[in-house]
Amino acid sequence: MLVMASLSILAVAQDVVPTTPLIKIRDMQVLSQFDEVLKDGVTELNIDAKFCKVDVVACPDTLDNTRVVAKLEAMDAEDGYVIDADRKESSLGLKIITPEQSKVAFAGEFLIYLHKKTSLKVNATSGAVIINGVDEGKISIKSEGKVNIDKSKGTFDVKTIGGAVTIYKVSGSLNVKTTSTIKVDQSEGDFDLDSGDAALSVNDFKGTLKTTTFGGKQAIEHMDGDLDLNSKGGLIRMTYIVANLIKVKTQRGDVSFGNSIKGAMDISTLSGTISNAQPIVLTGSSKFDSETGRIKLKFANKKEELAFDVTADEKDAAISVKGTKKKKKLQMGNGNIIVTSHSVRGEQIFS
């Protein structure tokens, strides 16, 4: 069986190659290594890391361009293990090549000191991609392993199959599409997140947030900005939100508001319930729409601030606004903030 593992960096000084690794039966043998500072004019770095780990850190002030340090080791010496370099005028491509039929255990790692003038593309089969402390980075990642981005600024495009994505103290533009979990903490910018059937959580975020899940739960807490949340069937829960607009679209998933919600709203669902635990402060006219799901919401606004226009297609669909009950259609109030709500046959209750 082919065994693969990642090397750990024991030395990250500018002039030191990352050294050994693993718990192993005997010493690994170095089969190929690479250490180079990109030449002037080379602005694009492409890494095909195969099963190797990729560490990306900030470029020190002593370097004029990106530096790449890489090593490939195996349990036994064998031909065919190569870090191949493809050099072009404005780009450098590095690729791990291994024998097709080899059963030798091998490990490898790339350490990249990323300069702000270099764009980076990483293609990793299963090795982790770790980004830490990068400033003004432009990074694209495709991986089957986990991706961590910590304390970094820039533009990030991340796609993983099965690899969890963790974002901590990141600012800038971030696009993530994965089949595993996404966790974002203490970040800001313009984020677009898609976790498929897996859970997605965002805490302490400022900026513009767009999310997509198929069946995974979404938890958004301590958010300041605009939200555009989309789900097929997973629960969407929001707590401590200040937003210009909270836009939510779901098919079967419930939409739940916790403590301290403030903003204008555009919420639609086919069969999910729209509800809140504590009164919501509406800052602008808002719209709610449901096919069969229940809408039950409390507002903290004064009665004179609000006007309601609530309709239902079926005559048995209950409508209640501030204790007044009607069938099919209910209009009430003269406030500047207009609450428009429609349901085919779901109950609508506003208080």
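Predicted model: local features only at pLDDT ≥ 70, side-chain atom pairs only at ≥ 80, totals over all residues.

Biologist: Thanks! Is Gln-186 buried, exposed or partly exposed?

Modeller: Gln-186 is found in strand β14, residues 182-196; strands are DSSP runs of E with at least two residues, numbered from the N terminus. Gln-186 is not a glycine, yet has a positive phi of about 50 degrees. Its relative accessible area is 33%, so Gln-186 is partly exposed.

Biologist: Which strand holds Asp-204?

Modeller: Asp-204 also has a positive phi, about 60 degrees, although it is not a glycine. With 40% relative accessibility, Asp-204 counts as partly exposed. The strand that holds Asp-204 is β15.

Biologist: On to aromatic rings: how are the rings of Phe-191 and Phe-205 arranged?

Modeller: Rings of Phe, Tyr and Trp (its six-membered ring) pair if their centres lie within 6.5 Å; planes under 30 degrees apart count as stacked, over 60 as edge-to-face and the rest as tilted. By this rule there are six aromatic pairs. Phe-191 and Phe-205 have ring centres 4.8 Å apart and planes at 55 degrees, so the pair is tilted.

Biologist: Which strands does that pair tie together, and how far apart in sequence are the parts?

Modeller: Phe-191 counts as buried at 1% relative accessibility, and Phe-205 is buried at 2%. Phe-191 lies in strand β14 and Phe-205 in strand β15, so the pair ties together parts that are apart in sequence by 14 residues.

Biologist: What about the rings of Phe-299 and Phe-350: how is that pair arranged?

Modeller: Phe-299 is buried, with a relative accessible area of 6%, and Phe-350 is buried too, at 1%. Ring pairs link Phe-299 and Phe-350 with Phe-288 and Phe-308 into a cluster. The centres of the Phe-299 and Phe-350 rings are 6.0 Å apart and their planes are at 15 degrees, so the pair is stacked.

Biologist: Now for charges: how many residues apart are Arg-67 and Asp-35?

Modeller: A salt bridge is a side-chain nitrogen of Lys or Arg within 4 Å of a carboxyl oxygen of Asp or Glu, and a search of the whole structure finds ten of them. One joins the side chains of Arg-67 and Asp-35, at 2.7 Å from N to O. Arg-67 lies in strand β5 and Asp-35 in strand β2, so this pair ties together parts whose separation in sequence is 32 residues.

Biologist: Is Asp-194 buried or exposed?

Modeller: The side chains of Asp-194 and Lys-177 meet in a salt bridge of 3.1 Å, N to O. Lys-177 is partly exposed, with a relative accessible area of 46%. At a relative accessible area of 16%, Asp-194 is buried.

Biologist: Last one: which residues are linked in a network of salt bridges?

Modeller: Side chains of opposite charge can pair when their charged atoms come close. Here, a network of salt bridges links Lys-53, Asp-55 and Glu-109.

How values were computed:
Residues numbered from 1 in each chain as written. Heavy atoms only, no water. Helix = DSSP H or I, 4+ residues; strand = E, 2+ residues; numbered from the N terminus. Buried < 20%, exposed > 50% of the residue type's maximum accessible area, 1.4 Å probe, protein only.
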